[in-house]
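Reader: I have a structure open and want to talk through how it packs. Can we start with the core?

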Amino acid sequence: MKLSHIVHTLRHFSPSFEGRVGGAAEFSAIKDTTFLKLPAAYVVPLDDRAEDNKSQTDYWQNVTEGFGVIVVLKPLDERGQHEAYDIVENIKTELWRALLGYEPSPAHYPIQYDGGDLLDLDRGRIFYQFNFSAVREVGFEDTRQYFDLNAIDNPIPDPDWQPDPNKPDITEPPQYNPLNIGDFDTLAGTVNEQDSHVTVNFEHNNIYEGNNDN
């Protein structure tokens, strides 16, 4: 899950923070800095919880991706009227309205609430973490096999290629070869290449070996 989407959402749909929403990097140094204007929020990653692959012939797996929203609050509001527990409850309601049911990507199910914890409390600040998660469905299109099949139709440069000083005329890397068969021509889509005395023909995403009728 791209947590930058969560940061963007809270900046626009949680008015109490007035745009003061950052990421984990900003939170890591907050206790060592001067007090900033409060309230503020920081989005941090939490654990992923993966289920078993549900398909025997393909790839279909659910992964629950978690994140936390750490809010930093004053013990009293601007008028000194509301105690800490009221402020936490108000912020929780606001976060629910901004996040619950939101789908952070087409691959994710809606975000749900997983509870909260008091992290720290001093005379000037309250640190409270609200936890959320969303289930992401991982399918065949996320696998290496899918990448290799699509590299055949949409080839990419070989990522391991290095210029050869003995071949100065070759200035561009060869196309990525997912099948690793000789000088496989992924641009042409078809090839007859002798490799270890086996004739290989590639056509319509299938591999045909010489003298093989299947």
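Author: This is a predicted model. Its largest nonpolar core has 24 residues, and Leu10, Phe67, Val69, Val71, Leu95 and Leu99 touch the most other members.

Reader: Which elements supply at least two residues of this core?

Author: Those are α1, β2, β3, α3 (84-99) and β5. The largest share comes from α3, with six residues.

Reader: What is Val69 in contact with, leaving aside neighbours within four places in sequence?

Author: Val69 contacts Leu10, Ala41, Tyr42, Leu95, Leu99, Tyr128, Gln129, Phe130 and Phe132.

Reader: And the second core, how many residues?

Author: Eight; this core is separate, and Phe27, Leu38, Ala40 and Val72 are among them.

Reader: Switching to the sheet. What is the strand order?

Author: The order is β1-β2-β3-β5-β4, in an open sheet with mixed pairing. The edge strands, each pairing on one side only, are β1 (21-23) and β4 (112-121).

Reader: How do β4 and β5 pair, parallel or antiparallel?

Author: Antiparallel, over eight bridges, with β5 covering residues 126-139. Tyr113 has Phe132 in β5 as its bridge partner.

Reader: Which strands does α1 touch?

Author: Helix α1 (residues 3-13) packs on the sheet and touches β1, β2 (40-50) and β3 (60-73). The direction of α1 makes about 145° with that of β2.

Reader: Last one: Glu18. Where is its place?

Author: Glu18 is in the loop between α1 and β1. Its phi is near 50°, a positive value in a residue other than glycine. Most residues other than glycine have a negative phi.

Reader: Is Glu18 buried or exposed?

Author: Exposed: the relative accessible area of Glu18 is 54%, and over 50% counts as exposed.

Terms used
Residues numbered from 1 in each chain as written. Predicted model: local features only at pLDDT ≥ 70, side-chain atom pairs only at ≥ 80, totals over all residues. Heavy atoms only, no water. Pairing = 2+ DSSP bridges. Helix = DSSP H or I, 4+ residues; strand = E, 2+ residues; numbered from the N terminus. Contact = heavy atoms within 4.5 Å. Axes fitted to C-alpha atoms, helices over the stretch in contact; angles between N-to-C directions. Buried < 20%, exposed > 50% of the residue type's maximum accessible area, 1.4 Å probe, protein only. Core = buried A, V, L, I, M, F, W, Y, C linked by side-chain atoms within 4.5 Å.
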